[in-house]
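Dear colleague,

I am passing on the structure we spoke of, with notes on what was found in it. Please read the notes with the coordinates open beside you.

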Amino acid sequence: MGGNTTKVGFLQLIGCSGCLTSIVDSTAFKDLWNKGYVSFFPMLKDDGNMSGCDVVFVEGAASKKDRPLLERVRAEAKKIISVGSCACFGGVSSNVRDLGLEPIHSVVKVDLELPGCPPPENLISSLLYTLITGREFKYKTVNVCSECPFHPCKAKYPIVIRELFPKGRHEKCLLEEGVLCLGPITRAGCEAKCVVWGWSCYGCMGLIKPTSLVDFLALLVIPKELKHSVTNLLNLYGEVEYVS
Amino acid sequence: MSLKRVHPLTRVEGNAEVAVKIRKRRLQELELNLPTLRKFENLLCGKIIDVVPLLVAKICGVCPFSHQVAASMVLEKALNIDAPPLASNVRRLILTMEHVRSHAYNTFLMGLQDSARLLGLNEKELVYRLFRSGLNIIRLADKVLSSIAGGPISPGISTVGGLLKMPNIELLTNQLRKEAQRTLEDMYWALNLSKNLTVSKYSEVFNLEEMPTLVTSVGENYDPIANTLKIHEEGYWKKLDDLADIEGLLSRSVLTGPFARATFTNLRLKVEWQNSNLLNLYALRILEIINALSYSMNLLKDLKDLKAHYRENPQEESGSGRCFVEAPRGTLIYECEVEKSIVKNIKIITPTEINLPFIKMFSRNVVEKSLAKDLALQDTIENLKTAIRVFDPCISCATHVEVIE
């Protein structure tokens, strides 16, 4: 990616706009805007044409209605980048089954995916600067635990899950306390923000490898009465299916 | 017959579309189509209550914490607990900074093209200064929200019974004091500029024929979680707590948001309100930003004196409740029924949904007036887009509205 006169477009599908506001909030966006790279961005301006864009960022999940539009974008743009968990995995809205929302890669070929709900600012800026500098964008290949202040986990496997959410202040690894946390199987990059701020990790950055969920679940003991809610939580970002 | 489809219309997700049919320079039809529904309420039913504040923050990336605080409060109401005073004040602070961020987006970024057109700003420097002022105030709000809630969009710290974590108040106070001074100068400059909107080239078409009925839940001194709904009719404010009356709001042409808040708190007296023109909303939002900064500083002073207890655990598992939170666009209403800690029913009425009948009526008026003034079709369409976006670019957050007209 990169080049001298990259024209960038931002396409909004079904989501919450949070990923696009995160892009606008990022330090790199001002540079991109000032250098005239932003050619199409309906959130900020009416004029502009997506047809001439070299790189199109897509936010939100796709409905059936969006298919022709995405196919047209694919035919014209050199790169399509899915931004956020809705575009990458279907996201929270894809949990409403009858909406039929899909991740972008299920509709057209995607060149790069930047997950997160929303994607972390440092990753957004690093990705946007690749458009200006031509540098290569690199994913983190470690898990959320590697960024977690409560790392390492001293729990002994199998871990018995007692709670789905942390109750009150916690000072050590949530799994040690029997709280469900997807940190071990989720790709890093978010600095374990949810865990730091009192939630668990719900996997918005995506699985570190496709088989990791099955491997992880094999290490947990989930009481019968929690299974339904665990399924809900594992499905939260639309990427994983857990059949108990 | 001229049929003009305007797409995208809104500045946020989903990109609503408006179709306008004009015959012999008279408006025949105006149809506002909303994007695919996300049916968030369906998603919430059957969920364990603890996940609800997390999920509803995904309804809107511009105002996530209004939803999160509203969900926390309605569940507290249903389970008959009160959040500790410290938690309520932190929530006030979070919502106030969210108002700042959302207003900055609305006024300086999403609304920039509209205001630049109306003011005839041809100088690139001036338009860029407005854009930069917006980005600076957004950065300030982002920093504060990152210190207090883990970020401007997520994760958020409001949950059933209070907060998940207590932010570092001292750090926050220093940060806000240092940064607020820098941005205030820009805000006063933009405020003066925005006052010219009501005497600008097309301003007449944005005049209101009569004062709309106003609705707000804001408390005196700008409290965003005062949790009482008020309606302004025949010159008086009265409390609205009958369920039928509240549901009836959705079929009436009422207006919620800065206009209503400013009337209730007398903030609008600070704007030269020589006519009832909807373009005053630009100035009102900037005034609200300025106001919010001093309100936040006062809140921070109070926070230091409160005991560090910030969460109550509910003892009951079932019940129902309703709450009103003042979101940036206006009053946000949540109703919820809980059974054994599981959401049985939930209803979310967003400010956008309350405003929709008014938006529809007002946008028709703007088109009719533009045509009557013999404006070109392109100018008429631009005025229509401005009319919708000036007070609400967030059509898609109306969670269960389908098609208007």
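In this predicted model, the largest nonpolar core has 199 residues, of which B:Leu75 and B:Ile94 touch the most other members; such a core is a set of buried Ala, Val, Leu, Ile, Met, Phe, Trp, Tyr and Cys residues joined through C-beta atoms within 7 Å, and buried is said of a residue with 20 or more other C-beta atoms within 10 Å of its own (exposed: 12 or fewer; partly exposed: in between), the C-beta atoms being placed from the backbone. Helix 4 of chain B gives the largest share of this core, 13 residues, and at least three residues come from each of domain 1 (8–133) and domain 2 (144–234) of chain A. Contacts here are pairs of residues whose C-beta atoms, placed from the backbone, lie within 7 Å, and on that basis B:Ile94, leaving aside its neighbours within four places in sequence, is in contact with B:Phe65, B:Val69, B:Leu145, B:Ile148, B:Ala149 and B:Ser158.

As to the conventions, residues are numbered from 1 along each chain as its sequence is written, while chains are lettered from A and ligands numbered from 1 in the order in which they are written. Because the model is predicted, local features need pLDDT of at least 70 and side-chain atom pairs count only at pLDDT 80 or more, whereas totals for chains, interfaces and linings use all residues.

Chain B has 12 helices and 13 strands, which are DSSP runs numbered from the N terminus (helices H or I, at least four residues; strands E, at least two). Of its 405 residues, 55% count as buried. Helix 6 of chain B has 26 residues and should span 38 Å at 1.5 Å a residue, which agrees with the 36 Å between its end C-alpha atoms, the expected span being 1.5 Å times one less than the number of residues. B:Gly150, with a positive phi near 85 degrees, follows that helix.

Between the chains, the contact takes 40 residues from chain B and 39 residues from chain A. On the side of chain B that touches chain A, two or more residues come from each of helix 1 (40–44), helix 2 (52–56), helix 4 (85–110) and helix 6 (124–149) of chain B.

Within chain A, the centres of domain 1 and domain 2, taken over C-alpha atoms, are separated by 28 Å, with the domain bounds coming from an automatic or database domain assignment. Their contact takes 8 residues from domain 1 of chain A and 6 residues from domain 2 of chain A.

With best wishes

Definitions and conventions
Two residues are in contact if their C-beta atoms, placed from the backbone, lie within 7 Å.
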